[in-house]
Amino acid sequence: VNLWTAARGRLEQLMRGAAGRVRGQVDVGRLVTQGLVLGRDVYVAATAYIDASQPWLIDIGDETLIGPWAIVLAHDTSTRLHTGHTLIGRVRIGRRVYVGHGAIVMPGTTIGDEAVIAPGAVVFHDIPPRSLAMGNPAQVVCDVETFAERHRAAIARDPVWPIPGWTGRGITDDRKALQRAALADRCGYLKSSA
Amino acid sequence: VPARRIHPSWRTARGAIERRIRKTLARLRGELHVDHLVADGLELGQRVFIARGVHFDEPWLVAIGDDSGLSPGVVVLTHDDSITPQTGLTRVARVIIGKRVFVGAGAVILPGATIGDDCIVGAGAVVEGDVPPGSVLAGNPAKIVSDVKAFAMWHRAAIPQAPVWPHQGWMAGRGITDERKRLQRDALADGTAGYLSATPPSTVEDALQ
């Protein structure tokens, strides 16, 4: 039974890899063999783009999340026509960083531990640890403590559901209606299992 | 290891097969191969680089000049449905991109934009209206942050102090060794930028590989 489970797991992994290649997505496993430095428990969304031409210049810390359609670049070709050179630089994304949907991280930047990069932000300069940055060009708007405090206050007040049974995986039609009604005039939260 | 001898006709055949596969893959991804874009009326100069996943609304309304480059995830819009609910109409406008223009990753070019020769559009910039030749743009909405002469001068001043490597042997897919990766990482450790010296201009074919 274990052998069968392992074989099926491997087969599914291979199929996901093949489907990803057909879709033109970058395989993070392959980037790691090319020198991308990836911490443990890092999540890189399937549609995120990690620079495949210079992956060894990129470090991503433990428990960091790179959202869908985010772009992490280690090279910048804009200089090529005018100087005859392509700029390259290291990118360091710390531990427990959140990089939002569609954000862009430019070469030579460092994002400190536990920073939050809002969706669509374009990071041209270093972002200090534990800060919330948004906009294009990205600017620090507050620190993560303020951000978390605001949400903690809302969590105590607003509806909260566990993830199992309340997301796309396994939610019933009844619960969908309940969730829609509860969120008619406010936002709610899903509690992580970890 | 001695180099394997490959018969030239086999090499040609393999090239044709690979091209066919790339076109089919692009179709499966919902992208158009550049040949299709040109057949659809995209006005394309010489040696233009179009990365994978670049979106064109109506290719026949777009012109791109010689030696320009569009990076991954660039969106070129030629129609605007934002006023459709109010007016029942879609606004349509051409986009003209000049010669030697560089458009950074994820930038959005709005309908009616005209980008002059030698402009540099920063990653993620949202460009509207006329942009004078030689401007460097960034941000949303895109603002002129510099001109290309100052930009080039700044980098030319930085290059003699910075580590510089050739592309060949120092890039993924161009035979970089683990030892050289480590060297490059160490040389750029303190956040300084390095440079790769120019290769002959990339072709659209390279980009679609």
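## Terms and model

Two strands pair if DSSP finds at least two bridges between them. Helices (H or I, at least four residues) and strands (E, at least two) are DSSP runs, numbered from the N terminus.

This is a predicted model, in which local features need pLDDT of at least 70, side-chain atom pairs count only at pLDDT 80 or more, and totals for chains, interfaces and linings use all residues. Residues are numbered from 1 along each chain as its sequence is written, chains are lettered from A and ligands numbered from 1 in the order in which they are written, and side-chain values use heavy atoms, with hydrogens and water left out.

## Strand pairing across the interface

E8(A) runs antiparallel to strand E19 (residues 193-197) of chain B, and five bridges join the two. Within this pairing, A:Gly89 has B:Ala193 of E19(B) as its bridge partner.

E19(B) also pairs inside its own chain. Three bridges link it to strand E18 (residues 164-166) of chain B, in the parallel sense. There, B:Val164 is partnered with B:Tyr195. From E18(B) the chain crosses through helix H5 (residues 178-187) of chain B to E19(B), in a right-handed β-α-β crossover. Right-handed means that, with the strands pointing away from the viewer, the path from the first strand over the helix to the second runs clockwise.

## Interface area

The size of an interface is often given as the accessible area lost when the parts come together. Buried area here is the accessible area (1.4 Å probe) that two parts lose on being put together, summed over both. Chain A and chain B bury about 3,300 Å² between them, with 63% of it on carbon and sulfur atoms. A:Trp56, A:His82 and A:Ile88 supply 20% of the area that chain A buries against chain B, more than any other three residues.

By contact (heavy atoms within 4.5 Å), the interface takes 41 residues from chain A and 48 residues from chain B.

## Polar links and composition

A salt bridge is a side-chain nitrogen of Lys or Arg within 4 Å of a carboxyl oxygen of Asp or Glu. The rule finds one salt bridge across the interface of chain A and chain B.

Polar contacts are pairs of N or O atoms within 3.5 Å; within protein, one must be able to donate a hydrogen and the other to accept it, and residues adjacent in sequence count only if both atoms are side-chain atoms. Across the interface, 13 residue pairs are in polar contact (both at pLDDT 80 or more). On the side of chain A that touches chain B, helix H1 (2-23), strand E4 (58-60), helix H3 (80-83) and strand E8 (85-89) each give two or more residues. E8(A) gives the most, with five residues.
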